[in-house]
Amino acid sequence: MINTQEQITKILKDKEIAPSYTRIKIYDYLAKDKIHPTVDEIFIDLVKLFPTLSKTTVYNSLKLFIEKGLVRSVNLHDNKMRYELVRSSHGHFKCDTCSKIYDITMEININLPKELEGTIIDDYHHLLIGTCSNCLNKENSN
């Protein structure tokens, strides 16, 4: 589902975020893009649309979105912090060969230790690393 500017404006206002042009564009970028971009990737793509954009503005907007629960940062063990819109809880699969990142649905079934009984789990993160089928098919066809 692609959000219109009016829908994004409402989403931001509902979270008490002033819907500036920059914030709308950053949110829209994340909504349309499921590759889990870094700050640099977001900046490089969006600076083409408006050359006055600064990397600091991207950082600050993402920080605000995280604080308001719209975005989460994802560490996929590649020394780069990545970002995605908060949607349903899910895990990630990262291909070591092509570096593509896939969202994967995962059921959580954790036996909490006695010390954590009675706690509430708000979110969880799972990361699987391996080789995707596209890369395996390329290797096998050589």
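Reply: Let's start with a naming rule: helices (H or I, at least four residues) and strands (E, at least two) are DSSP runs, numbered from the N terminus. Going by that rule, the protein has five helices and five strands, and from the N terminus their order is α-α-α-α-β-β-β-β-β-α. Keep in mind that this is a predicted model: local features need pLDDT of at least 70, side-chain atom pairs count only at pLDDT 80 or more, and totals for chains, interfaces and linings use all residues. Residues are numbered from 1 along each chain as its sequence is written, and side-chain values use heavy atoms, with hydrogens and water left out.

The part I'd pick is helix α2, residues 21-32. Let's check its length.

Next, what is tucked away? A residue is buried under 20% relative accessible area, exposed over 50%, and partly exposed in between (1.4 Å probe, protein chains only). Of the 142 residues in the protein, 35% are buried. In α2 the buried ones are Thr 22, Ile 24, Ile 26, Tyr 27, Asp 28, Tyr 29, Leu 30 and Ala 31. They pack against quite a list of elements: the helices α1 (5-14), α3 (39-46) and α4 (55-67), plus the strands β1 (71-75) and β2 (81-85). Contact here means heavy atoms within 4.5 Å. Across the protein, 49% of the contacts with a separation of 6 or more link residues 24 or more positions apart.

Let's zoom in on the meeting of α1 and α2. Their axes come within 10 Å and cross at roughly 105°. The axes are lines fitted to C-alpha atoms, for helices over the stretch in contact, and angles run from 0 to 180 degrees between N-to-C directions. Because 65 to 115 degrees counts as roughly perpendicular (under 35 is roughly parallel, over 145 roughly antiparallel, the rest oblique), α1 is roughly perpendicular to α2. On the α1 side you'll find Gln 5, Ile 8, Thr 9, Ile 11 and Leu 12, and they meet Arg 23, Ile 24, Tyr 27 and Asp 28 of α2. By type, the residues of this contact are five nonpolar, two polar and two charged. For that sorting, Ala, Val, Leu, Ile, Met, Phe, Trp, Tyr, Cys and Pro count as nonpolar, Asp, Glu, Lys and Arg as charged, and the others, Gly among them, as polar.

Asp 28 deserves a stop of its own. This residue of helix α2 is buried, at a relative accessible area of 13%. Setting aside residues up to four places away in sequence, Asp 28 touches Asn 3 and Ile 8. Asn 3 is 25 residues away from Asp 28 in sequence, yet their C-alpha atoms are 7.0 Å apart.

Now for the loop between α1 and α2, where Glu 16 sits. Most residues other than glycine have a negative phi. Glu 16 isn't a glycine, but its phi is positive, about 60°. Glu 16 is also exposed, at 68% relative accessibility. Ser 20 is in that loop too, and it is partly exposed, with a relative accessible area of 31%. Between the C-alpha atoms of Ser 20 and Thr 9, eleven residues apart in sequence, there are 8.5 Å.

Past the other end, look at Thr 38, in the loop between α2 and α3. Thr 38 counts as buried at 8% relative accessibility. Beyond its neighbours within four places in sequence, Thr 38 is in contact with Lys 80, Met 81 and Arg 82.

Methods. Expected span 1.5 Å × (residues − 1).
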